[in-house]
Amino acid sequence: MFRRIRTLTLAALALTAAAIAPTRAETVGEVGVDWLGNDIKIDAVRDPKVSGVTCHVTYFDRSVIDRLKNGNWFEDPSNNSIACRQTGPIAIGDIELSNEGEEVFRSGLSLIWKHLLVTRIYDKANDTLIYLAHSRQVTDGSAKMSISTVPLFGQSVTWENGRPD
């Protein structure tokens, strides 16, 4: 009996840890752009609440040599791009339906102050998932952004909580 309770408790803890763990990106490409070691990286990001959708995000990865050469250790360009596609059957969990959407992915672009974010917004009127890639900084925001959409019209979509009205 005690073993069964312990096993169930461990299973519940593992599920909780998986639910609160941040979405991880898998680097699937890296293109060198100069002799200083600067690269363009391509990451695959799976939406944790929408199975069957994968986003590919690109970003500029500054090298240590470039940082030392230019004397601006903490600066990173905010240039990024995103493309999201259906990569399997779509099943939508408990997603945020407000106009502000929901953060799907976050990655640090500088040592402290800048993050690359991917935010998902559901466009109910057009039955479309919108994915916005943008950067967030502590002091100055950036107007550089990129979007990608995954239309749900005509697709066989499973909604965990039923299709929104």
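Me: How many salt bridges does a search of the whole structure find?

Reply: Side chains of opposite charge can pair when their charged atoms come close. A salt bridge here is a side-chain nitrogen of Lys or Arg within 4 Å of a carboxyl oxygen of Asp or Glu. Searching the whole structure gives six salt bridges. Before going on, note that this is a predicted model, in which local features need pLDDT of at least 70, side-chain atom pairs count only at pLDDT 80 or more, and totals for chains, interfaces and linings use all residues. Residues are numbered from 1 along each chain as its sequence is written, and side-chain values use heavy atoms, with hydrogens and water left out.

Me: What is pLDDT, and what does the protein chain average?

Reply: pLDDT is the predictor's confidence in each residue, from 0 to 100. The protein chain averages 76, and 65% of the residues score at least 70. Among its elements, helix H1 (residues 2-20) has the lowest mean pLDDT, 36, while strand E9 has the highest, 95. Over residues 1-22 the pLDDT stays under 50, and the model has zero contacts there beyond four places in sequence. Contact means heavy atoms within 4.5 Å.

Me: How many helices and strands does the protein chain have?

Reply: Helices (H or I, at least four residues) and strands (E, at least two) are DSSP runs, numbered from the N terminus. The protein chain has two helices and nine strands. Along the sequence they follow the pattern α-β-β-β-α-β-β-β-β-β-β. Of the contacts with a separation of 6 or more, 47% are between residues 24 or more positions apart.

Me: Back to the salt bridges. Which residues are linked in a network?

Reply: Asp 47, Lys 49, Glu 102 and Arg 120 are linked in a network of salt bridges. Within it, the side chains of Asp 47 and Arg 120 meet at 2.7 Å, N to O. This pair links distant parts of the chain, with Asp 47 in the loop between E2 and E3 and Arg 120 in strand E6, 73 residues apart. Arg 120 also forms a salt bridge with Glu 102, where the closest N and O atoms are 2.9 Å apart. Glu 102 is in strand E5 and Arg 120 in strand E6, 18 residues apart.

Me: Is Arg 120 buried or exposed?

Reply: Buried means under 20% relative accessible area, exposed over 50%, and partly exposed in between (1.4 Å probe, protein chains only). Arg 120 has a relative accessible area of 1%, so it counts as buried. Asp 47 is buried too, at 6% relative accessibility, and Glu 102 is also buried. Across the protein chain, buried residues make up 35% of the 165 residues.

Me: What does Lys 41 form a salt bridge with?

Reply: Lys 41 pairs with Glu 30, the closest N and O atoms being 4.0 Å apart. Lys 41 lies in strand E2 and Glu 30 in strand E1 (residues 25-32), so the pair ties together parts that are eleven residues apart in sequence. Lys 41 is buried, at 17%, whereas Glu 30 is partly exposed, at 47%.

Me: Which residues touch the most other members in the largest nonpolar core?

Reply: In soluble globular proteins, nonpolar side chains tend to be buried together. A nonpolar core is a set of buried Ala, Val, Leu, Ile, Met, Phe, Trp, Tyr and Cys residues joined through side-chain atoms within 4.5 Å. The largest one has 23 residues, of which Val 50, Ile 82, Ile 90, Ile 92, Leu 129, Tyr 131 and Leu 152 touch the most other members. Strands E3, E4, E5, E6, E7 and E9 each supply at least two residues of this core, and E3 gives the largest share, five residues. Not counting residues up to four places away in sequence, Leu 152 touches several residues, including Ile 90, Ile 92, Asp 127 and Trp 159.

Me: What is the phi of Asp 127 near?

Reply: Most residues other than glycine have a negative phi. Asp 127 has a positive phi, near 45 degrees. Asp 127 is in the loop between E6 and E7 and is buried, with a relative accessible area of 14%.
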